[in-house]
Amino acid sequence: MTSPAIDSRWAAYRVLMSYSRDLPNDDTLARMLATQISGGGALPSRLGLEPEPFNVLLARHFPGLPNLNALSRPPPCWDPRLLEEKKELINLLALHRAGQDESEQWLSVIVATGCMANDHLWEDLGLWSRRDLSELMMRNFPALAVKNDRDMKWKKFLYKQLCEQEGVYLCRAPSCAVCRDYPLCFGPEE
């Protein structure tokens, strides 16, 4: 027997996918939206996008879908220091876009917004597994995703990339292999 939250998430997902255009990110966005509709994930309303880009995203991926702007969530209480890094994360992701679909620009903002929350990035985004996030990253930001060749957790990996861009190396250990925090950075999240 499944929980009511999972049942409502699946029901919302099925409705969203019935409006799908079968574009590359339809399934990913439907999962995020279905999770948000059912009260899960950590993203603010509209997946963290402003109203206009959110409406364009819906029209592109789920044309004819009734307006979801009425779906509101309380604003998140995120650490203001993290918000300063959001623009840097958006730029990092945008720099590595695949250039295959306009939804990559929205996903740059959505993924960066998810990094502001406290759980695993896939959970904060409202995805259903870490594999969903890995597929999102490979499809939309492949040049960045291939750098994560040791299966580092995505949020830690993205912040590590920011640090490396600035020439800042915060890790105390001389290499990941000898670090006592290795299990916190690498390996499965499920």
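I looked up arginine 60 and found it buried, at 18% relative accessibility (buried means under 20% relative accessible area, exposed over 50%, partly exposed in between, with a 1.4 Å probe and protein chains only). The model is predicted, so local features need pLDDT of at least 70 and side-chain atom pairs count only at pLDDT 80 or more, while totals for chains, interfaces and linings use all residues. Residues are numbered from 1 along each chain as its sequence is written, and side-chain values use heavy atoms, with hydrogens and water left out.

I next examined the partner of arginine 60. The side chain of arginine 60 meets that of aspartate 101 in a salt bridge, at 2.4 Å from N to O (a side-chain nitrogen of Lys or Arg within 4 Å of a carboxyl oxygen of Asp or Glu). Aspartate 101 lies in the loop between α4 (80-95) and α5 (103-114) and arginine 60 in helix α3, so the pair ties together parts that are 41 residues apart in sequence. Helices here are DSSP runs (H or I, at least four residues), numbered from the N terminus. Aspartate 101 is also buried, with a relative accessible area of 12%.

I searched the whole structure and noted eight salt bridges. One of them joins lysine 155 and aspartate 124, at 2.7 Å from N to O. Lysine 155 is in helix α9 and aspartate 124 in helix α6 (residues 121-125), 31 residues apart. Both residues, lysine 155 and aspartate 124, are buried.

I then turned to asparagine 148, in the loop between α8 (142-145) and α9 (154-165). Asparagine 148 counts as buried at 11% relative accessibility.

Terms used:
Helix = DSSP H or I, 4+ residues; strand = E, 2+ residues; numbered from the N terminus.
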